[in-house]
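Let's take a friendly walk through a protein chain together. Have a look at the model below, and then we will read it piece by piece.

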Amino acid sequence: MPFKLTLYDINTQTTRRKSQLNHYVKLVNDTEKVKRIEESLCVICYYNGSVGCTVITSSECQKCKKLMVFPTSATDRFCLECAKAEGFCRNCGCDINLKQRKKIFKEDQCQ
Ligand SMILES: [Zn+2]
Ligand SMILES: [Zn+2]
């Protein structure tokens, strides 16, 4: 079937791109910073979200080894308490302020 260009297609794509752009603007400006820090997520994880399929998955916190259970296959690296205490993104494990670190944890724990 030959592709027929319609006004509908153009406008649908325009709307899609526009909302994508708004999404990037939000990300760059970190418009929901308070809520993001509250949830211990870095800008990428917070605004892009984590994609995973719905299957109960468990993993342990990389710091306190507490077992965490997730309703999707996208698991976190740290529990919320450890992520908060150490300033990590709980999902991907990066520094929440995207700063390079000299040591893993704030308090050195002989690891
Ligand atoms: Zn933990
Ligand atoms: Zn992250």
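The largest nonpolar core has 12 members: Leu 41, Cys 42, Val 43, Cys 45, Tyr 46, Phe 78, Cys 79, Cys 82, Ala 83, Phe 88, Cys 89 and Ile 96. A nonpolar core here means a set of buried Ala, Val, Leu, Ile, Met, Phe, Trp, Tyr and Cys residues joined through C-beta atoms within 7 Å. A residue is called buried if 20 or more other C-beta atoms lie within 10 Å of its own, exposed if 12 or fewer, and partly exposed in between, with C-beta atoms placed from the backbone. Two helices, α3 (43-48) and α4 (80-86), each supply at least two residues of this core. Helix α3 gives the most, with three residues. In soluble globular proteins, nonpolar side chains tend to be buried together.

Before going on, a word on the source: this is a predicted model, in which local features need pLDDT of at least 70 and side-chain atom pairs count only at pLDDT 80 or more, while totals for chains, interfaces and linings use all residues. Residues are numbered from 1 along each chain as its sequence is written, and chains are lettered from A and ligands numbered from 1 in the order in which they are written.

**The whole chain**

The secondary structure comes to four helices and two strands, following the pattern α-α-α-β-β-α along the sequence. Helices (H or I, at least four residues) and strands (E, at least two) are DSSP runs, numbered from the N terminus. The C-alpha atoms fill a box of roughly 65 × 35 × 20 Å along the principal axes. Buried residues make up 15% of the 111 residues in the chain.

**The helix α1**

Helix α1 covers residues 7-29, and its end C-alpha atoms are 33 Å apart, which agrees with the 33 Å that its 23 residues should span at 1.5 Å a residue. That expected span is 1.5 Å times one less than the number of residues. Is α1 largely in the open or buried? The number of buried residues among its 23 is zero, so α1 lies largely in the open. Just after α1, Asp 30 takes a positive phi of about 50°.

**The hairpin**

Strands β1 (residues 57-60) and β2 (residues 67-70) run antiparallel and are joined by four bridges; two strands pair if DSSP finds at least two bridges between them. They form a hairpin with six residues between them, and Lys 65 in the turn has a positive phi of about 65°. Ser 58 stands opposite Val 69 in β2. Ser 59 lies in β1 and is exposed, with 12 other C-beta atoms within 10 Å.

**Some C-alpha distances**

| Residue pair | Separation along the chain | C-alpha distance |
|---|---|---|
| Ser 59 and Asp 76 | 17 residues | 7.6 Å |
| Asn 97 and Gly 87 | 10 residues | 7.8 Å |
| Leu 80 and Ile 10 | 70 residues | 43 Å |

Asn 97 is found in the segment after α4 and counts as exposed, with 10 C-beta neighbours inside 10 Å. Leu 80, in helix α4, counts as partly exposed, with 14 such neighbours.
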